[in-house]
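This report looks at pairs of oppositely charged side chains. Have the sequence and the model open as you read.

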Amino acid sequence: MISVSTLLNLLVGTLMSQDATSDFSVHTTRTGVPVDGGSLNASLAVMSQINNNDECDHVMNINATDRCAFVKNTPDCSMEDGFIKYLQVAFCLLPPDLTPLSLILCIIWLFFMFAILGLIASKYFCPNLSAISTSLHLTHNVAGVTFLALGNGAPDIFSAIAAFSRPHTAGLAVGALFGAGVFVTTIVAGSVALVKPFAVPSRPFLRDVIFYMVAVFWTYLILYRGTTTLGETLGYLGLYVVYVLTVVINAYIYSRQKRLRNARIDSLPHVQAGFESSDTYDDDVPCLLAGSDQQEYESEYRPLLQYPESTGQILLSSLNPVDNRKWRRKNWKWRVLKVLKTPVEVILLLCIPVVDLDKEDKNWRRPLNCLHLITAPLMCVLAFQSGIFSDYLIEGQFPLWVLTLLLGLFLCAIVFCSTTNECPPRYHPIFALLGFLVSAVLISAAASEVVSILHMLGVVLSLSNTVLGLTLLAWGNSIGDCFSDITLARQGYPRMAISACFGGIIFNMLFGVGLGCLVQMIKTHGEVQLEPEGLLTWILAGSLGLSLVLSFIIVPLSRFHLGRPYSIFLLVFYAVFLIVALLTEFGIITAA
């Protein structure tokens, strides 16, 4: 694998070579028209002959000293929805000869955004979704394919919606969803089988693969036609509803058969009641075991004499993201990372309530939860769609954020005066809904920043959005799933890990494309136009379809046993796919 230093050296070398080329007095654009490198007016005149929708893609053909003025004066360079204009950061933050440094800072910021996405999803989004599903008394199967699937795939879903919101970044969504599908079904599934060979459940495996193949084929048809209608988009989302119903019905039938079989076995003398089935996943869930261990750990260190804390002490302890006991046990690397994350965690603790129904007090923190009634709505107003409502005036006179602040203060006063520090109120689960909404808004905002950074890198490095989606965006959104699934396999739960591989990407594909197109239709009041970015898109879709078809054939032939030969085959398949995709991107492989 290429090291980070090698990647940065390659980036700097590429930019230096482009800058050296731009220092000549004459340039040639993609249209073959010469451009005077010393005159921005001449450059703009030539760029006006190019399609206006692609003007910003030609900024690297401009003289290095004129690029800052070009991105400021070109409307196409200001179409991004993020809080930060990254093209202006790349070309205007530092002098032209230090542009590589600006890009390195943007790449570091990109990894920071990925970390924020993972932090919000794991610490705030998923726990609140779990609390909502528990409050609604949903079964584990329904919760797993709805709320928990949304929690695990939140970065992918919101990244896809953010990418589909702009026509010139739709390739990012297609590349990321297909690229993540290939990555998860080859690298992640292959790594799980390599770490812990096992027998995969037959019917759930075939069910998930068939539904995923249908979703991929449907997406392929949409890309082939280049457009999608409202009815087709709703049908696309309806396919996931059919998948959920199939999972629920299958679980009901299996549980009924299990009860009948246990009843027959119990009626027979001298026969053990335990049995194993190839149609169910592991019954022991590691997260539940981890939760019980955490409760035992907390009870072990709980003081014998409980003293009531004051309101100020509760607030300060609630805003402290560092566990002193854990701090003493961890190594220096963990401590450095924790120090870097602490400012962000404090801000998130201030803005996002978390309800934990497994705790005795359900994570009720009266002063902090009352403060959430002020900060959470304000954060939603300020961060929704990258701050589009931050300056909105009601009737052209009264700021929306001021009204939100006043309503928050009113609710905060009511809750504070009607509750106590010790006992959570009956309506405490509503805070889980509030935390879910704020988490979704912040994840959407962070995903928009990620898409904007990747679009900037594509413009600067002359890379297509599709290749950026299938590499950086897909890897960034899937690397957490990769490590978690491999950890599950090492702990002895490979069936659960392989089910997460296929169940999660079905949700990401259907809701990523479906919701992305639906949101775009609502904004434009028309059909969504999807323009595949050349041969690379078809290679990406074909590779994903081929990997699924091969798994659909090979796994049953091997009697649903996933061993090391199959895992090595999947890893080699992804390596070949990545090489072919990069060769196609750089023009070595062409259509004809």
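In which helix do Lys341 and Glu345 lie, and how many residues apart are they? Both sit in helix H15, which covers residues 332-351. They are 4 residues apart, about one turn of the helix. Keep in mind that the model is predicted.

Lys341 and Glu345 form a salt bridge, with their closest N and O atoms 3.9 Å apart. That pair counts because the cut-off is 4 Å. Lys341 is partly exposed, at 32% relative accessibility. Glu345 is buried, at 6%. Salt bridges with shared partners also bring in Lys338, so that Lys338, Lys341 and Glu345 make one network.

The structure holds 5 salt bridges. The table lists three of them, including the pair just described.

| Salt bridge | Closest N and O atoms |
|---|---|
| Arg207 with Asp208 | 3.1 Å |
| Arg225 with Glu232 | 2.5 Å |
| Lys341 with Glu345 | 3.9 Å |

Now take the two arginine pairs. Arg207 bonds to Asp208 in a salt bridge. Arg207 is buried, with a relative accessible area of 15%. Asp208 is buried too, at 3%. Both values fall under 20%, which is why both residues count as buried.

Arg225 pairs with Glu232. Here Arg225 is partly exposed, at 45% relative accessibility. Glu232 is buried, at 14%.

Why can such pairs form? Side chains of opposite charge can pair when their charged atoms come close.

How values were computed. Residues are numbered from 1 along each chain as its sequence is written. This is a predicted model: local features need pLDDT of at least 70, side-chain atom pairs count only at pLDDT 80 or more; totals for chains, interfaces and linings use all residues. Side-chain values use heavy atoms; hydrogens and water are left out. A salt bridge is a side-chain nitrogen of Lys or Arg within 4 Å of a carboxyl oxygen of Asp or Glu. Buried means under 20% relative accessible area, exposed over 50%, partly exposed in between (1.4 Å probe, protein chains only). Helices (H or I, at least four residues) and strands (E, at least two) are DSSP runs, numbered from the N terminus.
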